[in-house]
Amino acid sequence: MPGMKTNHASRDSSNNAGDCCASGVVSAQNENKIKEICREFGNDRSRLMDMVRAIQSAIGYVPPEYYDLIAREAQTHRVEVQSVVSFYAFLSDRKKGTVIIRLCNDIIDRFKGADAVAAAFERELGISFGQTTDDGHFTLEWTACIGMSDQAPAALANDTVLTNLTPEKVPDIIRALRENPDPQSLVTECGDGNNAHELIRAMVNNNICKRDEVLLGEYNPGAGLKNALSKTPEEVIDEMKRSGLRGRGGAGFLAGLKWEFTRNAPGENKFVLCNADEGEPGTFKDRVLLTERADMMFEGMKIAAYAIGAETGIVYLRAEYAYLRPFLEDTLKKRRDAGLMGISVAGKEGFDFDIRIQMGAGAYVCGEESSLISSCEGTRGDPADRPPFPAIAGYKVSPTAVNNVETYCCAARIMDKGPEWFAAIGTEKSAGTKLLSISGDCERPGIYELPFGVKVSELLEMVGAPDAMAVQIGGPSGQMIDCSRFGRAISFEDLPTGGSIIIFGQDRDLLEVVDAFMEFFVDESCGYCVPCRVGNVLLRTRLQQIRDGKGVIEDLEYLTKLGKCTKRMSRCGLGQTSPNPILSTIENFRPVYNALLRRDQTGFQKSFNILHAIEDASELTGRRSVIFHA
Ligand SMILES: Cc1cc2nc3c(=O)[nH]c(=O)nc-3n(C[C@H](O)[C@H](O)[C@H](O)COP(=O)(O)O)c2cc1C
Ligand code: SF4
Ligand code: FES
């Protein structure tokens, strides 16, 4: 892989390292700009994320020389400003190029040729990844999955998405950007559906390959909300519970039950948060819902707000999907104008509710609900200890329902078509359909809406992957299964997934895949707890040893023990699942490891410890070896 590689681009080296603002001194013009931006956000410390994002847009980065000023204006401390800027990959305290090209470094993209694309960018610009050109026009960076795995290799040029890249396209891209530094000028042909909407205009394709009746079939906008508002909040919660809807973001908690907890929790202000962070590599189904079903999602959020008694909703939108923001803001505005948001929603006296969009800034861990809440409050996305759960003490320590985009969409449909209709789809414990994002080695990658219970083998046939060697279910934090398990079903009770399904063909190096996934977790760990911060690095190092042909049988035991320990001792879901790529492949692909393990020429294993081996016998017989215990 050419150049330097890390997802935390803001910590990368840069030709401009050490620069402050353009003149090298604090300028009055910048000071005024910063004050104005902070005022725009009400000088409210909980909007610090928005402030530093806006400052970065205006100045090009967030110069440390202004941290004190920002802190004063935001009524917070300098250290808060510094910790926010240093935490998020898309924020920077150094000047970068006018155009930042962030190429996805996920294994899916690499298998589709990202390395050759990277080399072409380096050649064309004369810099390595992590660097900025001397003229200050371009910066090259690696980034984690940007939600375009079905059209890889993919990259972001500032907020503009570039898909299906090839080395041949790179010279034209750079030439065009030299002529016109606005990356949007690269979009000469838009993708399908709303990707061609004037407020999106993206080359992204929805690639919807299979529609079913819940999410991507016919939809009667507003019918769910109307029906909900004709009932009491308790009745709405009861219907949600009866529908059996479980959260679509991964954990599968019953949505109705979460809403009930939030409704019953003491607190004057309650909040509805929508998790549109979608950072699990290989997941892009929320991207398609945000593009094609934004109204359905907002409708679901409103139903949740009515049920729990909330006046404020927040959609946490990942920075990689910033290109969708104008469209989503416009959709919200239209709803406000139509009386579907604001005071007395849809004419319902006493039901006031509005939604704002909170942009993320490039941190996978912010998809974890307590990190997401921290980020919405304007701080680093640090996960919090639980309990208390967000339903009791979430956003601004108030009862908060956090749900996934797809969960809210399902809620809108349930209130329209009824809980029994929904419960009749899928399996007993996994009601409804699931939106799957299919990528990797198959003929038809894209979005598939299928009833829960579909078998992996059926899925593989549908997507055109009859010869798959392995399937990664649920992204890197899920599990890798081999062909003997393709008869298993996608469902909470068998193979759960938030939506990511990655297929690997017969000729793929599975341990390269495992290494890439571990690299992702090492990069994305927030670093708070030792098992996750250190454990993942140690796991990756030992895996590398095996890949280098220097591993012995005991290394597998070491990996298993350390992996389990990391899972058990980590504070949040990231560390609790990060060893899964290693653990699930040791379990399901043991021969791949065995083939690489070494026995030296003498036949002895290097790590064999004779004292350890005779410990039991020594204790049993009550005697010590005159040779080895001497
Ligand atoms: C590291 C990590 C990343 C996560 N990323 C997401 C995400 O991108 N989207 C999401 O909905 N849930 C994500 N989750 C799960 C959330 O914490 C939470 O369970 C979910 O948003 C609840 O919504 P649901 O019940 O509708 O699924 C993530 C969890 C962890 C531990
Ligand atoms: S498990 Fe990892 S990501 Fe989660 S709090 Fe600990 S260090 Fe941070
Ligand atoms: S965009 Fe590269 S893996 Fe998702």
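A: Let us begin with terms: helices (H or I, at least four residues) and strands (E, at least two) are DSSP runs, numbered from the N terminus. On a 1 Å grid over the protein atoms alone, a cavity is a set of points where a 1.4 Å probe fits but cannot get out, while a pocket is an open set with protein on both sides within 12 Å along at least five of seven lines, and lining residues have an atom within 4 Å of a point. This is a predicted model, in which local features need pLDDT of at least 70 and side-chain atom pairs count only at pLDDT 80 or more, whereas totals for chains, interfaces and linings use all residues. Residues are numbered from 1 along each chain as its sequence is written, chains are lettered from A and ligands numbered from 1 in the order in which they are written, and side-chain values use heavy atoms, with hydrogens and water left out.

Q: How much space lies in the largest pocket, and which residues are the closest to its centre?

A: Rolling a probe the size of a water molecule over the atoms shows where empty space is left. Grid points are joined across faces, edges and corners, and a volume is the space filled by probe spheres set on the points. Here the largest pocket holds about 1,300 Å³, and of its 48 lining residues the closest to the centre are Gly249, Gly250, Ala251, Gly367 and Glu368. Two or more residues of this lining come from each of α10 (255-264), α11 (285-292), α15 (390-393), β9 (400-404) and α22 (573-577), and the largest share, 5 residues, belongs to β9.

Q: What is the make-up of that lining by residue class, and which domains does it draw on?

A: For the classes, Ala, Val, Leu, Ile, Met, Phe, Trp, Tyr, Cys and Pro count as nonpolar, Asp, Glu, Lys and Arg as charged, and the others, Gly among them, as polar. The lining of the largest pocket divides into 14 nonpolar, 23 polar and 11 charged residues. Domain bounds come from an automatic or database domain assignment, and at least three lining residues of this pocket come from each of domain 3 (223-423) and domain 4 (511-594).

Q: What is the volume of the second largest pocket, and which element gives the most to its lining?

A: The second largest pocket has a volume of about 600 Å³, and Arg53, Gln56, Ser57, Phe90 and Asp159 are the closest to its centre among the 23 residues that line it. Both α2 (48-59) and β1 (99-104) give two or more residues to this lining, with α2 giving the most, 7 residues. By class, the lining of the second largest pocket has 10 nonpolar, 7 polar and 6 charged residues.

Q: How many cavities are there of 30 Å³ or more, and what lines the largest cavity?

A: The count comes to 4 cavities of 30 Å³ or more, and the largest cavity holds about 160 Å³. Of the 19 residues lining the largest cavity, Arg318, Glu320, Gly362, Ala363 and Tyr364 are the closest to its centre. Its lining has 10 nonpolar, 5 polar and 4 charged residues, and at least three lining residues come from each of domain 2 (101-188) and domain 3 (223-423).
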